[in-house]
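Dear colleague,

Please find below the structure that I am handing over to you. My notes on it follow.

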Amino acid sequence: MPLHDSKQPPLPPAIKRLGHWFWLPAIVAALGVTSLLFKEVSQSIASLKFWGAFVVPAFFFVPQFIAILAVWLGNRRVKAKYIAAKGRLCTSCTYSLLGLPDQGHCPECAAPYDIIADAPGWERAQMPAIATPAGLVGMPVG
Ligand SMILES: [Zn+2]
């Protein structure tokens, strides 16, 4: 699936930002591969004998595990806020917009919001359907 599918509603920026965690394994892997070009590094890894076999895979898998864990925890945190705010969440900073009009500017980060227009993005981010006075938010549209 392409990142920018015009038929898909845009993901809320707060969810999109979690994807930055995947720079971590990419950067660590690039640094790891680069460091292997230095004779001292490859010799010291070889001198580790048995454990040396785990150094290179660890450079790939540990940062990936950390990134996946961070995205999972971040998504869980946003989902808890989303449920607590009954689907009325700033898409940019996840500030609760409970008690505020359906459209306006976030009092926390000043980003414009529109509860109804933002709903398909939250739905795409797989946030649970929530009934609000304005209607059912977070349900598939059409
Ligand atoms: Zn905000």
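Among contacts in the protein chain between residues at least 6 apart in sequence, what percentage join residues at least 24 apart? The figure is 46%, where two residues are in contact if their C-beta atoms, placed from the backbone, lie within 7 Å.

Two remarks on conventions come first. The model is predicted, and local features need pLDDT of at least 70, side-chain atom pairs count only at pLDDT 80 or more, and totals for chains, interfaces and linings use all residues. Residues are numbered from 1 along each chain as its sequence is written.

The protein chain contains five helices and four strands; these are DSSP runs numbered from the N terminus, with helices being H or I of at least four residues and strands E of at least two. Read from the N terminus, the order of elements is α-α-α-α-β-β-α-β-β. Of the 142 residues in the protein chain, 18% are buried. A residue is buried if 20 or more other C-beta atoms lie within 10 Å of its own, exposed if 12 or fewer, and partly exposed in between, with C-beta atoms placed from the backbone.

Helix H4 deserves a description of its own. H4 has 33 residues and spans 48 Å from its first C-alpha to its last, close to the expected 48 Å, a value defined as 1.5 Å times one less than the number of residues. At alanine 58 the helix bends by about 45°, the bend being the angle between axes fitted to the seven residues ending there and the seven starting there. Alanine 58 counts as partly exposed because it has 14 C-beta neighbours inside 10 Å. Alanine 29 lies 29 residues from alanine 58 in sequence and 9.6 Å from it in space, C-alpha to C-alpha.

The buried residues of H4 are Pro63, Ala67, Val78 and Tyr82. These residues pack against helix H1 (13–18), helix H2 (23–36) and helix H5 (115–124). After H4 comes lysine 86, with a positive phi near 50°.

Tyr82 also belongs to the largest nonpolar core, which has 14 residues; Tyr82, Cys90, Leu97 and Trp122 touch the most other members. Such a core is a set of buried Ala, Val, Leu, Ile, Met, Phe, Trp, Tyr and Cys residues joined through C-beta atoms within 7 Å. H1, H4 and H5 each supply at least two of its residues, and H5 gives the most, with three. Leaving aside neighbours within four places in sequence, leucine 97 is in contact with Ala85, Arg88, Leu89, Cys90, Cys106, Tyr113 and Ile115.

Yours sincerely
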